[in-house]
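Work through the exercises below with the sequence and the structure at hand. Each task is followed by a solution in steps.

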Amino acid sequence: MTLQTKGIALAIISAIAYGTNPLGALMLYREELNVNSVIFYRFSFSVVILAFFMFYRKIDFRLNVKDFLKLLILGVLFGISALSLFSSFLYMDSGLSSTILFSYPILVAILMAIFYKEKNSIITILSIVFAFLGVVFLFNSDVSNISSFGIFLVFISSICYAIYIVIVNQYLKMAALKVTFYSMFFCTFTIFLSSFINPSSNIIMLTNLNMWFWTLFLAIVPTIISLLFLVKAIQIIGSTSASILGALEPLTALFVGIFLFNEKISISIVFGIFLILFAVFLIVLKDYLIKIFKLRV
């Protein structure tokens, strides 16, 4: 196996692993765990595993005050994003939620244009149009379980994650493992605090093997494995190629929903998903397309 092939394989495994998020979440919902409990256990277990990785790689845990505040903000954003996404699974098909979430690169481009004066091209505009049309097709499907509130929750999740990425790219210069560890740590703390808002969101104890299995599944497969494989894949094949292969994330979630949870599919849904993925590909390949076609702002 060549290095390039290895990098592609790692990116594919990472994307498929992340796409299993709905599988673990919906299985735990069947065990009557609430959203806060699912996310709290997922990230708290992930934090413990990441701590061992940091000890193994001898990464310094210490933070200065500025980095502490930045990572605290990232943790809160990560927590809100996770809460919104996993809550959306209760209002609409999980595969559709994951597909709409995947449009976050478009939101990143918009944020960079608004706050950092990054020039937008016709590519960015087309991406926004295609993504919007994709959502319209999803909404107009007669067979999908989709709601305006579910889409609102996914949008909140996407915008929080987009802001998270912008902050990491613009203001944090430290090891990716350290950023992820503290982001998840503060995310877990955020979820813990939010669990006191009302009795229905209190953290529920894990009381049987199914709960423990699917909680560990969420912590290891769509979190740790996905994260570590993605970092390695980016080092080998670059972020652009890894991002393109990331399209397998929502597709995996879609197949999980259809084949394991009997979520419905139609021509309208397929076309909507295609438009959203195409819009994301345009953003990911923007720089190459601008060079090739000599596109202007």
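**Exercise 1. Confidence**

In which helix of the chain is confidence lowest, and in which is it highest?

Solution. The model is predicted, and the chain averages a pLDDT of 88. At least 70 is the score of 96% of the residues. Confidence is lowest in helix α14 (residues 286-293), where the mean is 74. The highest value, 95, belongs to helix α2 (residues 21-30).

**Exercise 2. Overall fold**

Count the helices and strands of the chain, then judge its radius of gyration against the globule rule.

Solution. Step one: the chain has 14 helices and 0 strands. Read from the N terminus, the order is α-α-α-α-α-α-α-α-α-α-α-α-α-α. Step two: the radius of gyration is 19 Å, and the globule rule gives 19 Å for 297 residues, so the chain is as compact as a globular protein of that length. Step three: along the principal axes, the C-alpha trace spans about 55 × 50 × 45 Å.

**Exercise 3. Helices α3 and α9**

Determine how α3 and α9 are oriented to each other, and describe their contact.

Solution. Step one: the axes of helix α3 (residues 35-56) and helix α9 (residues 176-194) come within 9 Å, crossing at roughly 150°. Step two: angles over 145 degrees count as roughly antiparallel, and α3 and α9 are therefore roughly antiparallel to each other. The crossing of α3 past α9 is left-handed. Step three: on the α3 side the contact includes N36, I39, F40, F43 and V47. On the α9 side, L177, K178, F181, M184 and F185 are among the contact residues. Step four: sorted by class, the contact of α3 with α9 holds 15 nonpolar, 6 polar and 1 charged residues.

**Exercise 4. Helices α5 and α8**

Solution. Step one: helix α5 (residues 94-101) and helix α8 (residues 148-171) have axes that come within 9 Å and cross at roughly 40°. Step four: S97, I100 and L101 of α5 meet I151, V154, S157 and S158 of α8. The contact of α5 with α8 divides into 4 nonpolar, 3 polar and no charged residues.

**Exercise 5. Helices α6 and α13**

Which residues form the contact between α6 and α13, and to which classes do they belong?

Solution. Step one: helix α6 (residues 104-116) packs with helix α13 (residues 267-284) at an angle of about 45°, the axes being 8 Å apart. Step two: α6 and α13 are therefore oblique to each other, and α6 passes α13 in a left-handed crossing. Step three: P105, I106 and A109 of α6 make the contact with A279, V280 and I283 of α13. Step four: the contact of α6 with α13 has 6 nonpolar, no polar and no charged residues.

How values were computed. Residues are numbered from 1 along each chain as its sequence is written. This is a predicted model: local features need pLDDT of at least 70, side-chain atom pairs count only at pLDDT 80 or more; totals for chains, interfaces and linings use all residues. Side-chain values use heavy atoms; hydrogens and water are left out. Axes are lines fitted to C-alpha atoms, for helices over the stretch in contact, and angles run from 0 to 180 degrees between N-to-C directions. Helices (H or I, at least four residues) and strands (E, at least two) are DSSP runs, numbered from the N terminus. Angles under 35 degrees count as roughly parallel, over 145 as roughly antiparallel, 65 to 115 as roughly perpendicular and the rest as oblique. A crossing is left-handed if the near helix is turned anticlockwise from the far one by less than a right angle, and right-handed if clockwise. Contact means heavy atoms within 4.5 Å. Ala, Val, Leu, Ile, Met, Phe, Trp, Tyr, Cys and Pro count as nonpolar, Asp, Glu, Lys and Arg as charged, and the others, Gly among them, as polar. pLDDT is the predictor's confidence in each residue, from 0 to 100. The radius of gyration is taken over C-alpha atoms; the globule rule is 2.2 Å times the number of residues to the power 0.38.
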